Amino acid sequence: MSKIFIFQNHHGMTSDKVLTFSILLLVIFCIYFSLFAYRFVRDIKYIKSSEFNNISVIKQIDIRDRIFGWSVGMIMLGFVLWGSLTRIFAAF
Amino acid sequence: MAGIINPANIFTSTRLIVLPLVVYAAYKNYHLMAVTIIAYSGVVDLLDGFVARKFNCTSRFGEMLDAISDASLFLVGLLAAVAFKYSDPVPAFLLLGLGAFNAAGRVIFIKKTGVITNFRSYASEVLGGFTFWVLVAQYLDWYANAGLWLLSFFTFIVIIHDYYRILTYPVDLLKMEEGKNE
């Protein structure tokens, strides 16, 4: 089973480059998580407002689709944060 | 022909030209060279729309070339990573299969609506961004396989969502809106 579900490969990448990449991902996490969280709150507020019922069905679908997109992005960024932090802590 | 050869398309097509270098870098185990080429491709992807607007040469062909370049980068980058043992074949082929299934949804949407309006899925666009970083992670030995498994899982979730949207989309209302815009 472990031969099918292999979660880690090592092909000789040096730890300083892995660490640099982790720090870069941590910076990207901060930027994108803020962006997605801002958009998520903005769209949720819009859905709850009375204005939402007056826009076309196509636009309502679009707004709901956005909220799903930002949610997926934030959940995935959680894994990026976990991966970055574990790699950074492992380096010291 | 004059519509096809323009600054934006030349700029985008450099992404296809550099693809063999990714395979070469993977073969020679030049991690940073592979990452640099993938990063170059990512930067060009971000800028080509701007170049097209700046030179006033936006076109359907350009959009198609951009999509083909995206798919080619991921396909070639991931296959090279599998071939030269950077990543495992199971999650890599699972992800490629899910990507193809996701693309088929767009074709169904175009056939269903009869208008060449790309089905815009924000979740798919978010996944596209993550795909780029997962590809870089393959060459940097940064949770390479875990990244592929996770991306496959989220791609599966997004495919369920997108197919539901595609199959239940109010086509009549979309056509009415298209008519108004024309």
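Helices here are DSSP runs of H or I at least four residues long, and strands are runs of E at least two long, both numbered from the N terminus. By that assignment, H3(B) is followed by B:Asn56, whose phi is positive, near 55 degrees. The model is predicted.

## Chain B overall

Chain B has 8 helices and 0 strands. The C-alpha trace spans about 55 × 40 × 20 Å along its principal axes.

Chain B holds 182 residues, and 35% of them are buried. Among contacts in chain B with a separation of 6 or more, 76% join residues 24 or more positions apart.

## Helix H3 of chain B

H3(B) covers residues 31–54. Its 24 residues reach 34 Å from first C-alpha to last, close to the 34 Å expected at 1.5 Å a residue. The helix still bends, by about 35 degrees at B:Leu47.

Which residues of H3(B) are buried? They are B:His31, B:Ala34, B:Val35, B:Ile37, B:Ile38, B:Ser41, B:Asp48 and B:Ala52. An α-helix has 3.6 residues a turn, so residues three or four places apart point the same way.

## H3 against H6 in chain B

H6(B) spans residues 122–140. It packs with H3(B) at an angle of about 170 degrees, and the two axes lie 9 Å apart. Angles over 145 degrees count as roughly antiparallel, so H3(B) and H6(B) are roughly antiparallel to each other.

From H3(B), the contact takes B:His31, B:Ala34, B:Val35, B:Ile38 and B:Gly42. From H6(B), it takes B:Phe132, B:Leu135, B:Val136, B:Tyr139 and B:Leu140. By class, this contact has 8 nonpolar residues, 2 polar and no charged. B:His31, B:Ala34, B:Val35 and B:Ile38 are also among the buried residues of H3(B).

## Positive phi in the loops

Most residues other than glycine have a negative phi. B:Asn29 has a positive value, near 65 degrees. This residue lies in the loop between H2 and H3 of chain B. B:Asn29 counts as partly exposed because it has 15 C-beta neighbours inside 10 Å.

B:Asp141 also has a positive phi, near 60 degrees. It sits in the loop between H6 and H7 of chain B. Is B:Asp141 buried or exposed? B:Asp141 is buried, because 20 other C-beta atoms lie within 10 Å and the cut-off for burial is 20 or more.

## B:Ile166 in H7

B:Ile166 belongs to helix H7 of chain B, residues 144–168. With 19 other C-beta atoms within 10 Å, B:Ile166 is partly exposed. B:Ile166 and B:Gly49 are 117 residues apart in sequence. In space, their C-alpha atoms are 26 Å apart.

## Chain A against chain B

How many residues of chain A are in contact with chain B? There are 24, and they meet 29 residues of chain B. On the chain A side, helix H1 (15–48) and helix H2 (57–91) are the elements that give two or more residues. H2(A) gives the largest share, 12 residues.

The residues on this side of chain A divide into 12 nonpolar, 8 polar and 4 charged.

Notes: Residues are numbered from 1 along each chain as its sequence is written. Chains are lettered from A and ligands numbered from 1 in the order in which they are written. This is a predicted model: local features need pLDDT of at least 70, side-chain atom pairs count only at pLDDT 80 or more; totals for chains, interfaces and linings use all residues. Two residues are in contact if their C-beta atoms, placed from the backbone, lie within 7 Å. Ala, Val, Leu, Ile, Met, Phe, Trp, Tyr, Cys and Pro count as nonpolar, Asp, Glu, Lys and Arg as charged, and the others, Gly among them, as polar. Axes are lines fitted to C-alpha atoms, for helices over the stretch in contact, and angles run from 0 to 180 degrees between N-to-C directions. Angles under 35 degrees count as roughly parallel, over 145 as roughly antiparallel, 65 to 115 as roughly perpendicular and the rest as oblique. The expected span of a helix is 1.5 Å times one less than its number of residues. The bend at a residue is the angle between axes fitted to the seven residues ending there and the seven starting there. A residue is buried if 20 or more other C-beta atoms lie within 10 Å of its own, exposed if 12 or fewer, and partly exposed in between; C-beta atoms are placed from the backbone.
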